[in-house]
Amino acid sequence: MYIRSGEWVIISSIKAKAVKYFKSLQARIFVIFILVGLIPIFLMKYFILENYEAQAVSQKSTMVQEQCRQLTDQISETGYIRGNESKQVDRQLEQLSKLYNGRVIIVDSNFLIIRDTYDIDEGNVIISEEVLQCFMGKDSANYNRENEFLEITVPLRNKDTKEMEGIMVVSVTTTDVEAGKDALGNTVLTLQIVLTILILAVAFYVSRMLTRPFGKITRSLEEVRGSVTEQEISIPDYTETQLLAEAYNRMLRRMKLQEDSRQEFVSNVSHELKTPITSMKVLADSLLAQEDVPVELYKEFMADIAEEIDRENKIISDLLSLVKMDKRSSDIHIAETNINQLIELVLKRLRPIAAKRGIELVLESFKPILAEVDETKLTLAVSNLIENGIKYNREDGWVHVSLNIDSKYFYVKVEDSGMGIPEEAQEHIFERFYRVDKSHSREIGGTGLGLAITRSAVLMHHGAIKVYSKEGEGTTFTVRIPLKYVP
Ligand code: ADP
């Protein structure tokens, strides 16, 4: 068959919808409901009909057996079985045969048929399992479903001696049982159809109703899509949906916090970057506004402008360092490093700066330390701490750096004799752009990013940093880093 491309699109969209439906919870509930509901209904028909048939056959055989028994005494009394003629017995046998639309055979003790209401086998010998068993004293009732008849054997005993004289074999048709079964079958089928329709409807309704809360979740989530708003959702229909809603609300709150901190960071960065530019603009404008500016003033202003450019540079390079620290740990380049050497190099580089203010820089290290670290990042972290120790110190003060080690970690302690940090500010100093005294920090070239960079570097190594400080007395930073890096 040739199918045009438009039709293809329709067919594949129907297919996709079908796959989507059958994968849904709704479809599964629907199918389970139908299975649970319909299987008993179909089994019910089988059991009802089987039961009816067994009951009807057993009733019929009891009835026939009862009538036969009433005849057996007469047959014995009249000597019919021994060859005596009895019109009454003959009539009764005919009646029985007619009543059940069946055949009655009387067999004597020599297995000879002495009476057959069908007049076919009189004088013949009959030997069958049922006949033999009946001669042994057992009556039987055998139902032949295929040919729709019931064969009943009843022993004929002498009324006085109770001796076996012969047997009576009655074959009755069971077409009425079959007809009754068919009629019942039709009623049950009608019932089955009605119940099936009912179950389908209930299954469809229940599956839709049970899965409705999930639709609610989707709609609620779609409503908050786009921006991180404060719209929290609540779907208390099921414990599961409520847990899902709560988890979602928690995620929303986290995202909001992140969004707030991102916005704050961006506005801080813009502000920090703008400050030096504004200063430069003011300096340049004031030079341009004046006529015949002396060369000395030009030089002085230019020196100020150069200083602002340096500052801008420092902010940008600090920001870049911070961004690098924020990246994933795959950016970390771990190698076994001699920590003593690393710290000595930092001190060597900073000594001239400390010397300018007469600050004494001392390193105490008792044991050699080898650890798995990222050399660049750790150098930056320790440099920032020692630089701060120098920056926020008094003239002719001191900065003591000491190194220590135990079985798992190494420790770097940076102690200074500086101005200290007020207690209420201590919990904020690791935040980006936080400065205790903004104007003082700016004067001495601080960006407010140094400790944030240090903290990120330490955390990247799965280490810890702590601060102890007393205003006016000095500050101590301790850094603890594992000797072995665990990714
Ligand atoms: P900055 O670039 O301004 O130094 P940091 O993040 O390195 O930024 O430090 C944050 C603030 O913490 C500083 O502005 C300063 O006020 C305070 N601070 C940091 N280290 C010390 C210290 N050793 N002594 C006193 N104050 C300090």
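The model is predicted, so local features need pLDDT of at least 70 and side-chain atom pairs count only at pLDDT 80 or more, while totals for chains, interfaces and linings use all residues. Residues are numbered from 1 along each chain as its sequence is written, and side-chain values use heavy atoms, with hydrogens and water left out.

## The two pockets

Some terms come first. On a 1 Å grid over the protein atoms alone, a pocket is an open set of points where a 1.4 Å probe fits, with protein on both sides within 12 Å along at least five of seven lines, and its lining residues have an atom within 4 Å of a point. Grid points are joined across faces, edges and corners, and the volume is the space filled by probe spheres set on the points. Helices (H or I, at least four residues) and strands (E, at least two) are DSSP runs, numbered from the N terminus. For the lining classes, Ala, Val, Leu, Ile, Met, Phe, Trp, Tyr, Cys and Pro count as nonpolar, Asp, Glu, Lys and Arg as charged, and the others, Gly among them, as polar.

The largest pocket has a volume of about 610 Å³. Its lining holds 32 residues, and those closest to the centre are Asn388, Lys391, Tyr392, Ser441 and Leu451. Which element supplies the largest share of this lining? Helix 9 does, with six residues. At least two residues each come from helix 7 (295-326), helix 9 (375-391), helix 11 (438-443), helix 12 (450-460) and strand 12 (474-482). By class, the lining of the largest pocket has 12 nonpolar, 12 polar and eight charged residues.

The second largest pocket holds about 460 Å³ of space. Of its 18 lining residues, Phe430, Glu431, Arg432, Ala452 and Arg455 lie nearest the centre. Two or more lining residues come from each of helix 6 (239-289), helix 7 and helix 12. Helix 12 gives the most, with five residues. The classes here are nine nonpolar, three polar and six charged.

| Side chain | Ligand atom | Distance |
|---|---|---|
| Asn388 | oxygen | 2.9 Å |
| Tyr392 | oxygen | 2.7 Å |
| Asp416 | nitrogen | 2.9 Å |

## Residues in helices

Buried means under 20% relative accessible area, exposed over 50%, and partly exposed in between (1.4 Å probe, protein chains only). Contact means heavy atoms within 4.5 Å.

Helix 9 contains Val382 and Asn384. Val382 counts as buried because its relative accessible area is 4%. Leaving aside neighbours within four places in sequence, Asn384 is in contact with Gly450, Ile453 and Thr454.

Beyond neighbours within four places in sequence, Gln426 is in contact with Ile421, Val467 and Ser469.

Leu221 belongs to helix 5 (residues 175-224). At 32% relative accessibility, Leu221 counts as partly exposed. Not counting residues up to four places away in sequence, Leu221 touches Ile233 and Tyr248.

Most residues other than glycine have a negative phi. Lys162, however, has a positive phi near 65°, and Phe433 has a positive phi of about 65°. Lys162 sits in the loop between strand 4 (149-157) and strand 5 (164-173), while Phe433 lies in the loop between helix 10 and helix 11. Lys162 is exposed, with a relative accessible area of 54%, whereas Phe433 is buried at 5%.

Note on methods
Polar contact = N/O pair within 3.5 Å; in protein donor to acceptor, adjacent residues only side chain to side chain.
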